[in-house]
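Here are my notes on the model, as numbered points. Please read them with the structure open.

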Amino acid sequence: MSRISCKDYRSGSLEEKGSLRIVKETLFRLLLVAAAITSVFIVMGIFVSLLLGSWKSINEFGLNFIWSSTWNPAAKTFGALPFVIGTVSTSFLALLISIPFSFASAIYLSLYLKNGWFSGLLKFSVELLAGIPSIIYGFWGLFVLVPIVRSFEIKLGFIPYGVGILTASVILAVMIIPFASSMAAEVIKLVPQDLKEAGFAMGATRFEVIKNIVIPYAQGGIFSGILLAFGRAFGETMAVTMVIGNSNAIPKNIFSPSNSMASVIANEFTEARGDLYLSSLIEIGLLLFAISFIVNAIGNRIMKKMDVKK
Amino acid sequence: MNDMVKKLKLRQIQDKLFTAIIGIFSIAMLLPLFFILFYIIKNGAAAINWHFITSLPKPVGQTGGISNAIVGTIELIGIASLIAIPLALFTGIYIKEFEKNKLAAAVSSLTDLLQGVPSIVIGIVCYLWIVLPLKSFSLLSGAVALAIMMLPMIIKSTYHSLRLVPESLKEASLALGTPYYRTVIKVMLPAAASGILTGIILSVSRVAGETAPLLFTAFGNPFMNFSIDKPVNSLPLLIFNYATSPFSDWQKQAWGASLILIIMISVLNIISKFMEHKWKTTY
């Protein structure tokens with residue numbers, strides 16, 4: 001550390017007057033506290049603004065907002081059920097698709113191949129996948145995945161929309177795999193070496209060690225990893241908006257076009273005429289905020305308990 | 001005995017099978033990445049040329065460019081950084097230095113939660129905070145939205161890098177009579193600089209591709225804009241608008257814009273990787 005030079009001392013603190021120094025110290029501390037409080041205010045402010053913004057719709061529809069399935073701006077009736085179903089089904093399906101992949105690559109990276117060119121390639125690819133913006137996933141999905149799904153639908157005899165819940169789920173799955181995989185790998189690395197070695201010493205195969213020692217030990221962390229990945233998928237907007245089909249009816253099957261909570265906001269927010277319409281969209285935003293808050297609070301708490309560094 | 005051997009064989013086969021399955025899944029995971037990169041590079045490279053980068057968008061039928069979106073992205077990120085970096089830096093210092101304080105614990109967990117807030121929600125909030133009072137979509141509102149998205153990452157990286165600075169270094173400085181604020185600024189921050197800078201660059205690369213918070217803040221603009229109270233275009237917004245348009249000409253330009261965006265983000269990620277490895281000070 002050669003960063004404190006003599007010059008600093010000559011020009012700086014040692015010759016400073018005591019009172020000036022105290023003023024500067026106090027100012028600095030105040031600055032730190034002010035910054036921290038500002039950060040708190042931003043998060044609180046987000047919640048309060050959403051609540052105030054959606055007040056009209058909360059007053060008008062109450063709890064019915066979540067259970068009603070008609071979203072009709074012309075008639076001024078707003079119910080978010082189709083979007084809740086769209087969001088929940090796409091995120092669940094995405095999780096189902098992504099779990100085998102993220103789980104396999106996490107185990108592969110943390111237990112089988114700790115170094116070597118292939119694990120390097122795998123790690124690099126996971127990072128690259130995580131760095132691609134969601135808009136590009138959506139764009140690619142729209143032009144490459146949608147035609148594939150469409151031909152698939154024709155073969156199966158469904159109406160060939162191409163866009164819909166399945167397409168959105170596949171894109172979401174591709175997007176959350178790197179996130180879930182790196183999370184699970186972190187947790188699996190925390191399994192103590194001596195536990196694993198004890199298993200091997202008993203003559204267990206690698207599969208048996210993973211099944212009977214690693215997974216039971218890491219299950220809490222893996223669960224919260226899944227939860228956090230779910231939180232990711234839940235709020236994802238652009239990729240879903242581009243491939244989900246934007247239909248405000250309740251989806252009939254996984255090939256139906258639908259709309260998620262985030263995508264309906266993205267599609268209709270700037271065109272919303274009238275206070276109630278806007279307020280209803282803000283209430284959907286409030287719901288998204290609340291759900292992400294709960295999911296992340298639980299996930300982070302478990303992760304913190306396990307002392308996982310993110 | 002024969003039974004044991006048989007069982008052992010079975011277990012070994014089971015183990016091999018498992019290895020094969022997770023190997024296949026891990027490789028299969030890479031396929032979409034190569035697919036996506038292949039399409040973007042193939043279609044993007046065909047669209048990019050000097051004219052494309054340096055000229056403004058033109059109506060369908062004439063070949064325009066995306067210069068306003070590139071400049072707009074840089075403007076948005078620049079202003080967002082100006083807002084986010086000082087705030088996040090000081091907040092990060094606060095939660096490290098006053099770790100036992102209740103406020104610090106609250107800030108720390110709120111930052112974790114802020115990281116999980118869907119980006120579209122932040123777009124709504126910035127619409128309510130800035131677009132409504134100013135009565136216009138604006139560069140400022142977009143930059144604030146991106147700044148809020150950058151905050152948690154920079155706060156966390158500042159906190160974690162400062163924690164790696166040995167306590168003895170700080171005590172040595174204080175023992176020499178250096179005032180506290182100078183100790184933080186001249187001793188602790190430089191010692192943690194590589195980690196903090198890595199966090200800042202990663203947060204920039206993260207928000208560079210954000211679209212959702214800009215939809216109703218920066219909004220998009222077919223012209224070049226340098227004023228803070230007017231709507232501005234950005235690469236992700238342009239990709240969204242062009243990709244969902246029915247014109248094949250615009251779709252082609254969206255591929256080009258995607259490639260440029262990916263290159264920008266990759267360069268930032270590579271710089272941050274480089275700093276993490278080469279610049280790291282260990283104690």
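1. Chain A has 13 helices and 2 strands. Helices (H or I, at least four residues) and strands (E, at least two) are DSSP runs, numbered from the N terminus. The radius of gyration of chain A is 25 Å, well over the 19 Å that the globule rule gives for 310 residues, so chain A is more spread out than a compact globule. That radius is taken over C-alpha atoms, and the globule rule is 2.2 Å times the number of residues to the power 0.38. Along the principal axes, the C-alpha atoms of chain A fill a box of roughly 80 × 65 × 35 Å.

2. A word on the basis of these notes. This is a predicted model, in which local features need pLDDT of at least 70 and side-chain atom pairs count only at pLDDT 80 or more, while totals for chains, interfaces and linings use all residues. Residues are numbered from 1 along each chain as its sequence is written, and chains are lettered from A and ligands numbered from 1 in the order in which they are written. The model scores ipTM 0.90 and pTM 0.91. For chain B the mean pLDDT is 91, and 98% of its residues reach 70 or more. Here pLDDT is the predictor's confidence in each residue, from 0 to 100.

3. Burial and contacts in chain A. Of its 310 residues, 45% are buried. A residue is buried if 20 or more other C-beta atoms lie within 10 Å of its own, exposed if 12 or fewer, and partly exposed in between, with C-beta atoms placed from the backbone. Take the contacts in chain A between residues at least 6 apart in sequence: 75% join residues at least 24 apart. Two residues are in contact if their C-beta atoms, placed from the backbone, lie within 7 Å.

4. Chain A is divided into domain 1 (6-53) and domain 2 (65-305). The bounds come from an automatic or database domain assignment. Taken over C-alpha atoms, the centres of the two domains of chain A are 39 Å apart. In the contact, 5 residues of domain 1 of chain A meet 5 residues of domain 2 of chain A. The domain 1 side divides into 4 nonpolar, 1 polar and no charged. Ala, Val, Leu, Ile, Met, Phe, Trp, Tyr, Cys and Pro count as nonpolar, Asp, Glu, Lys and Arg as charged, and the others, Gly among them, as polar.

5. Is helix H9 (residues 193-201) of chain A buried or in the open? Of its 9 residues the number buried is 0, so helix H9 of chain A lies largely in the open. Just after this helix, A:Gly203 takes a positive phi of about 90 degrees.

6. Chain B has 11 helices and 0 strands. Its elements run α-α-α-α-α-α-α-α-α-α-α from the N terminus on. The radius of gyration of chain B is 24 Å, well over the 19 Å that the globule rule gives for 283 residues, so chain B too is more spread out than a compact globule. Its C-alpha trace spans about 75 × 75 × 35 Å along the principal axes. Of the 283 residues of chain B, 49% count as buried. Among contacts in chain B with a separation of 6 or more, 73% come from residues 24 or more positions apart.

7. The domain assignment of chain B gives domain 1 (2-47) and domain 2 (65-278). Their centres, over C-alpha atoms, are separated by 36 Å. The contact takes 6 residues from domain 1 of chain B and 7 residues from domain 2 of chain B. On the domain 1 side, these are 4 nonpolar, 2 polar and no charged.

8. Two backbone points in chain B deserve a look. Most residues other than glycine have a negative phi. B:Lys135 has a positive phi, near 60 degrees. B:Lys135 lies in the loop between helix H5 (119-134) and helix H6 (139-164) of chain B, and counts as exposed, with 8 C-beta neighbours inside 10 Å. B:Phe219 has a positive phi of about 70 degrees. The place of B:Phe219 is the loop between helix H9 (193-208) and helix H10 (235-243) of chain B. B:Phe219 is buried, with 22 other C-beta atoms within 10 Å.

9. Finally, the contact between the chains. It takes 68 residues from chain A and 75 residues from chain B. Which element gives the largest share of the chain A side? Helix H2 (residues 18-53) of chain A does, with 18 residues. The chain A side divides into 44 nonpolar, 18 polar and 6 charged residues.
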